[in-house]
Amino acid sequence: MAGKQYQNVRGTYDILPEQQAAYRHVYETFRQVVIDAGFGFIETPMMEEAGVFVRSVGGSTDIVEKEMYVLKDRGGDDLALRPESTAGVVRAFIQHGMGSWPKPVKLAYAGPHFRYERPQAGRYRQFFQIGAEIFGEASPSLDAQVILLAMRLYARLGITGVTVQINSLGDTADRKKYLKALVEYLEANKKKLAKLDIERLAKNPLRVLDSKEPESQEVLADAPQILNYLSPECHEHFRSVLEYLDEMGVAYELNSRLVRGLDYYNRTAFEFVGARDGSQSSLGGGGRYDGLVELLGGQSTPAVGWALGVERLIMELEARGRQVPTSPGPCVYVASLGEPARIAAFRLIEELLDGGVAAVGSVDRDGIGGQLGRADKLGVPYAIIIGQKEVMEQIVILRDMTTGAQEMIPLKKMVAELRKRYEITT
């Protein structure tokens, strides 16, 4: 009796070999773009103390209240699978004394993240993000630089038509004044709000601005705008960011209801929106978080950054019919016939691999015709044929799989010959 057939956990997915090229293309393009801009890579653990996220992301956010995977280890400590990476990067920044490094400190990362969300297209419970963070400078030019960094990545990937939704959240004093006005307005219109947003109003009023509920949308159309509550300093900062974007010809739209889903943002907040309609149009976002390092126990350090969803990027590439580069397959297929040839073929495959030549073969299969058929399906340029006669004479037959032409080459020179043809120098 067969045992239970297991499936992947809901909200997760397998990345099969034929899908790897798209992920590799995104990661390699991202790596080159950020390295060119002076970023160094950091890898933080997928688990952190739960307090890292509760304290930084915000205890009343949806991420912490509803989406974060929390577990208690055998020592009784509360741990969490990372729902986002900025908090962990900040923790590492403090722990490893990066505050003493030359400024600005530029860090980039890539990896899996976890949120308990309702699975849908482009949104999973295990998902992949790439991100970039800059620490140590409060200049508005840094806000513009990280936005341009993402736009450069989109361009390199061939994703056009991306716009920037942008807003300023001001500083703590600005938000306090704005929250007072917003709450007064929402309370006056409370009966018109969706039930979910009435709950948000009691816990975290800014979250109401993110509402997708139609009845709440009507109320929000006339809500106070935070841009009208900015201090002169924050207003000037935001004006300078837009000036830099204008200078570089970046398409942006002011969105006074953009607050992002994390409590640590201040001043500039932005989101990247693709050309497609619907909930999958968001390609990522970020903003400035000048108080987060201090909040997690470090020295006061200005910072700004973003994170992009890899799944969303790949969906954009697929929707646009973009062809991604694929890795080259094997260079040669080694086919054999008979017991002595089987051993010789096995040895030759290993020698080819040791020599840097990508080689495959099925030394336990009978029938040269079947083996050459498989070589043809694999699309290899060459096939090597070894039979009993070839073993005795210490030669092999090298077959050009495109033209069918064949030539005899000494067995001991085969590796060197293919290295020469493929110009392998390492």
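Predicted model: local features only at pLDDT ≥ 70, side-chain atom pairs only at ≥ 80, totals over all residues.
Trainee: How many residues of H5 are buried?
Mentor: 14 of the 18 are buried, so H5 is largely enclosed by the rest of the structure. Buried means under 20% relative accessible area, exposed over 50%, and partly exposed in between (1.4 Å probe, protein chains only).

Trainee: What follows H5?
Mentor: Gly158, with a positive phi near 90 degrees.

Trainee: At what angle do H1 and H5 pack?
Mentor: The angle is about 135 degrees, and the axes are 10 Å apart. Axes are lines fitted to C-alpha atoms, for helices over the stretch in contact, and angles run from 0 to 180 degrees between N-to-C directions. H1 and H5 are therefore oblique to each other; angles under 35 degrees count as roughly parallel, over 145 as roughly antiparallel, 65 to 115 as roughly perpendicular and the rest as oblique.

Trainee: Is that crossing left-handed or right-handed?
Mentor: H1 passes H5 in a right-handed crossing. The term right-handed applies if the near helix is turned clockwise from the far one by less than a right angle, and left-handed if anticlockwise.

Trainee: Which residues meet there?
Mentor: From H1, His25, Val26, Thr29, Phe30, Val33, Val34 and Asp36; from H5, Leu149, Arg152, Leu153, Arg156 and Leu157. By class there are seven nonpolar, two polar and three charged residues. Ala, Val, Leu, Ile, Met, Phe, Trp, Tyr, Cys and Pro count as nonpolar, Asp, Glu, Lys and Arg as charged, and the others, Gly among them, as polar.

Trainee: Thr29, then. Buried or exposed?
Mentor: Thr29 counts as buried, at 13% relative accessibility. Leaving aside neighbours within four places in sequence, Thr29 is in contact (heavy atoms within 4.5 Å) with Leu153, Arg156 and Leu157.

Trainee: How do the axes of H5 and H9 cross?
Mentor: They come within 8 Å and cross at roughly 40 degrees, with H9 being residues 232–247. H5 and H9 are therefore oblique to each other, and their crossing is right-handed. Pro140, Ser141, Asp143, Ala144 and Ile147 of H5 make the contact with His237, Ser240, Val241, Tyr244 and Leu245 of H9. These residues divide into six nonpolar, three polar and one charged.

Trainee: Changing topic: which residues does a cis peptide bond join?
Mentor: Lys103 and Pro104, with omega about -5 degrees. Pro104 sits in the loop between helix H4 (86–95) and strand E5 (105–114). Most peptide bonds are trans.

Trainee: What is the phi of Arg267, and where does it lie?
Mentor: Phi of Arg267 is positive, about 55 degrees, although the residue is not a glycine. Arg267 lies in strand E9 (residues 266–273).

Trainee: And where is Gln394 found?
Mentor: Gln394 is in the loop between helix H14 (388–393) and strand E15 (395–400). Phi of Gln394 is also positive, near 55 degrees, and Gln394 is partly exposed, with a relative accessible area of 46%.

Note on methods
Residues numbered from 1 in each chain as written. Heavy atoms only, no water. Helix = DSSP H or I, 4+ residues; strand = E, 2+ residues; numbered from the N terminus.
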